Amino acid sequence: MIRRRTLLAGIAASAMMTLPALAETVELTVWDNAGNPGREAAFAAFEAANPDIELNVVTFASEEYKTQLRVTVAGGNTPDLFTTNGGFTFFEYVDRGAAMDITDLVEEYGWAERTEAEFLAADTDENGRIWGMPWNTTQYWQGLFYDKDFFEANDIPLPSSVEGFKDIAQKIQDAGRYPIAFGDKDGWPAILMLGDYLVQTTTPDEIRKLNTGENTWTDFKPAKDAFEAMAKLAADGAFAPGFLSMNHEAAIMSWVGKRTAMLYNGTWWPNVAKTDDPGFAIGVAKLPMIDPDLPLQGTQYWASIQLLMGAHLEGEKKEAAIKLFDFLTSKEGMILYGNARKAITTNPQANPEITEIAAFFREPEFLRQNDKPKIQFLDHAFPIPVIEVIKVELQKIMQNNGYTVDEALAAIEAAHVAERKS
């Protein structure tokens, strides 16, 4: 342990050697989503190299984190550093005055070189001011993890289309499992699947036009096609029973426990399972396609977590926060993080030197997404009130109780009209 901390301290020191030491011990409060493990190594390295800075790291589970952060910021108690999702959620904190404008720091420290241009652009407002930096491993969707051993042993073909999935679902059940592990109790898994189905038939730019009204939910054919695809999958038995009342962590464990044959999930499922080896060979298949002959039009492959500094910071506390921010987004810090998560990161300088990348990141169904136009995860691509209505309407149409896709889209459009006017 002593040897490891010495090594980490050396790495951290090399990344921050241009920044001055602080005169007195400073405590920084850092808020982070507990669903993003792997950062502990970077925090430990920083503290080892900076005994004059103490970190008070506060974490909550994913959905609770969003609530608690909003509450504490509303109460005027913004953390010194904090993370949040991108899109409208990110700019919620900018608009509240909680985030520090880091435009000049990005220029001074060369932080722009530490991420992809389109990721940084998503943290930049309409006036060209930058308010945060991506700080996470990048995550793929648009795929299904599956148990290769199960499919091979039972001679079951991989799904290719929504239309043809019903027969495959029956074969899977006849072999003793449910098809897809999917738990939508909290609403976000379905809206991410909606995003995947939208980019199967339309581009991210066309999806973004829903925010301006250039496209409307009621007249946008890709939206209708996506809703109908999800309704059909549910009606055809694609998802394990109880999927609307089960949280997604339980769904993940049903796949790891071999009760389901496939898993719809981002590449962070090992965080929940506490292992990246469930005891069977892992494959990655296409999410069943609306049109198998149509190439993907885009991807939700994105830098979903952003790191911000509090606008309240000043003096030595501000210096300490900049020092921490600088290290966490650096090549050295992101190598530690990427190896801990076994994943590529938002820092292209770090990625060639990450040695522990999980094999499934190299699967063709993931790699085909790299060069596609990108959109923020759909649960952060629209105003929050619209997101909440979409979650409800998706659940209604997946219940297959007579509620129609047209009714769902009309309800979403009504909510979006109100937001466009505000």
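Asn 136 sits in the loop between strand S4 (133-134) and strand S5 (143-147); helices (H or I, at least four residues) and strands (E, at least two) here are DSSP runs, numbered from the N terminus. This is a predicted model, where local features need pLDDT of at least 70, side-chain atom pairs count only at pLDDT 80 or more, and totals for chains, interfaces and linings use all residues. Residues are numbered from 1 along each chain as its sequence is written, and side-chain values use heavy atoms, with hydrogens and water left out.

**Around Asn 136**
- Asn 136 counts as buried, at 1% relative accessibility (buried is under 20% relative accessible area, exposed over 50%, partly exposed in between, with a 1.4 Å probe and protein chains only).
- Not counting residues up to four places away in sequence, Asn 136 touches Arg 39, Trp 302, Ala 303, Ser 304, Ile 305, Met 334, Tyr 337, Thr 345 and Thr 346 (contact means heavy atoms within 4.5 Å).
- With one of these, Ser 304, there's a side-chain to side-chain polar contact at 3.5 Å (a pair of N or O atoms within 3.5 Å; within protein, one must be able to donate a hydrogen and the other to accept it, and residues adjacent in sequence count only if both atoms are side-chain atoms).

**Trp 135, Tyr 337 and the aromatics**
- The structure holds 30 aromatic pairs (rings of Phe, Tyr and Trp, the last by its six-membered ring, with centres within 6.5 Å; planes under 30 degrees apart are stacked, over 60 edge-to-face, the rest tilted).
- Take Trp 135 and Tyr 337: their ring centres are 6.1 Å apart and their planes at 40°, so the pair is tilted.
- That pair links distant parts of the chain, with Trp 135 in the loop between S4 and S5 and Tyr 337 in helix H15 (residues 331-341), 202 residues apart.
- Both Trp 135 and Tyr 337 are buried.
- Arg 39 lies over the face of Trp 135, at 3.9 Å from the ring centre (the rule wants NZ of Lys or CZ of Arg within 6 Å of the centre and within 35 degrees of the ring normal).
- Elsewhere, Tyr 140, Phe 145, Trp 255, Trp 269, Phe 280, Phe 360, Phe 361 and Phe 366 make up one aromatic cluster.

**Helix H15**
- Buried residues in H15 include Gly 333, Met 334, Ile 335 and Leu 336.

**Other salt bridges**
- The total comes to 21 salt bridges.
- Lys 374 and Glu 118 pair up at 3.4 Å, N to O.
- Lys 374 is in the loop between helix H16 (364-367) and helix H17 (384-398), and Glu 118 in helix H6 (residues 117-121), so the pair bridges parts 256 residues apart in sequence.
- Lys 374 is buried at 11%, while Glu 118 is partly exposed at 37%.
- Arg 70, Glu 92 and Arg 96 join in a salt-bridge network.

**Nonpolar cores**
- Phe 227, Phe 239 and Met 398 touch the most other members of the 84-residue largest nonpolar core (buried Ala, Val, Leu, Ile, Met, Phe, Trp, Tyr and Cys residues joined through side-chain atoms within 4.5 Å).
- Helix H9 (residues 188-201) gives the most to this core, with 9 residues.
- Apart from this core lies another, of 35 residues, among them Val 106, Leu 120, Met 334 and Leu 336.

Technical notes. Salt bridge = Lys/Arg side-chain N within 4 Å of Asp/Glu carboxyl O.
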